[in-house]
Amino acid sequence: PAPSRRVGEEGTVVLRVELDESGHVTLARIHSSSGHSRLDEAALTAVRTWRCTPAQRNGQAVRAVALQPFKFVLQGS
């Protein structure tokens, strides 16, 4: 986020993401905070728009849960 860039916020947030059988995100929550609420919220906003290939078990689409890290790093000046 632009405000985070201006004040030099960096960090890694880990989200717990639940997907349904069609690959849609049904729940996303913070598993481990970056320490900066703006970065945490940016990760949550991004992951909620994802559409994924569904997980499969024995050839059938199933619900899945994953931990997804988001690393925010300032590059350049």
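Biologist: Is Glu21 buried, partly exposed or exposed, and what is its relative accessible area?

Modeller: Glu21 is partly exposed, with a relative accessible area of 40%. The term buried stands for under 20% relative accessible area, exposed for over 50%, and partly exposed for values in between, with a 1.4 Å probe and protein chains only. The model is predicted: local features need pLDDT of at least 70, side-chain atom pairs count only at pLDDT 80 or more, and totals for chains, interfaces and linings use all residues. Residues are numbered from 1 along each chain as its sequence is written, and side-chain values use heavy atoms, with hydrogens and water left out.

Biologist: With which residue does Glu21 form a salt bridge?

Modeller: Side chains of opposite charge can pair when their charged atoms come close. A salt bridge here is a side-chain nitrogen of Lys or Arg within 4 Å of a carboxyl oxygen of Asp or Glu. Glu21 forms one with Arg63, the closest N and O atoms being 3.9 Å apart. Because Arg63 lies in the loop between β4 (60-62) and β5 (64-72), and Glu21 in the loop between β1 and β2, the pair ties together parts that are 42 residues apart in sequence. Helices (H or I, at least four residues) and strands (E, at least two) are DSSP runs, numbered from the N terminus.

Biologist: How many salt bridges are there by this rule?

Modeller: The count comes to three. Glu9 and Arg38 meet in a salt bridge with an N to O distance of 2.8 Å. This pair links distant parts of the chain, 29 residues apart: Glu9 is in the loop between α1 (2-7) and β1, and Arg38 is in helix α2. Glu9 is buried at 13% relative accessible area, whereas Arg38 is partly exposed at 38%. Glu18 and Arg16 also meet in a salt bridge, at 2.3 Å from N to O.

Biologist: With which strands does β1 pair, and in what sense?

Modeller: Two strands pair if DSSP finds at least two bridges between them. β1 and β5 pair in the antiparallel sense over nine bridges, and Thr12 stands opposite Lys71 in β5. β1 and β2 also pair in the antiparallel sense, over six bridges, with Leu15 opposite Ile30 in β2. The hairpin of β1 and β2 has five residues between the strands, and Gly23 in the turn has a positive phi of about 90°. Seven of the nine residues of β1 are buried.

Biologist: Which residues make up the largest nonpolar core?

Modeller: In soluble globular proteins, nonpolar side chains tend to be buried together. A nonpolar core is a set of buried Ala, Val, Leu, Ile, Met, Phe, Trp, Tyr and Cys residues joined through side-chain atoms within 4.5 Å. The largest has ten residues: Val13, Leu15, Val17, Leu19, Val25, Ala28, Ala43, Leu44, Val47 and Phe70. The elements that give two or more residues to this core are β1 (11-19), β2 (25-32) and α2 (37-47). β1 gives the most, with four residues.

Biologist: Which residues of α2 are buried?

Modeller: An α-helix has 3.6 residues a turn, so residues three or four places apart point the same way. In α2 the buried residues are Leu39, Asp40, Ala43, Leu44 and Val47. The face of α2 turned away from its buried side carries the exposed residues Ser37 and Thr45.
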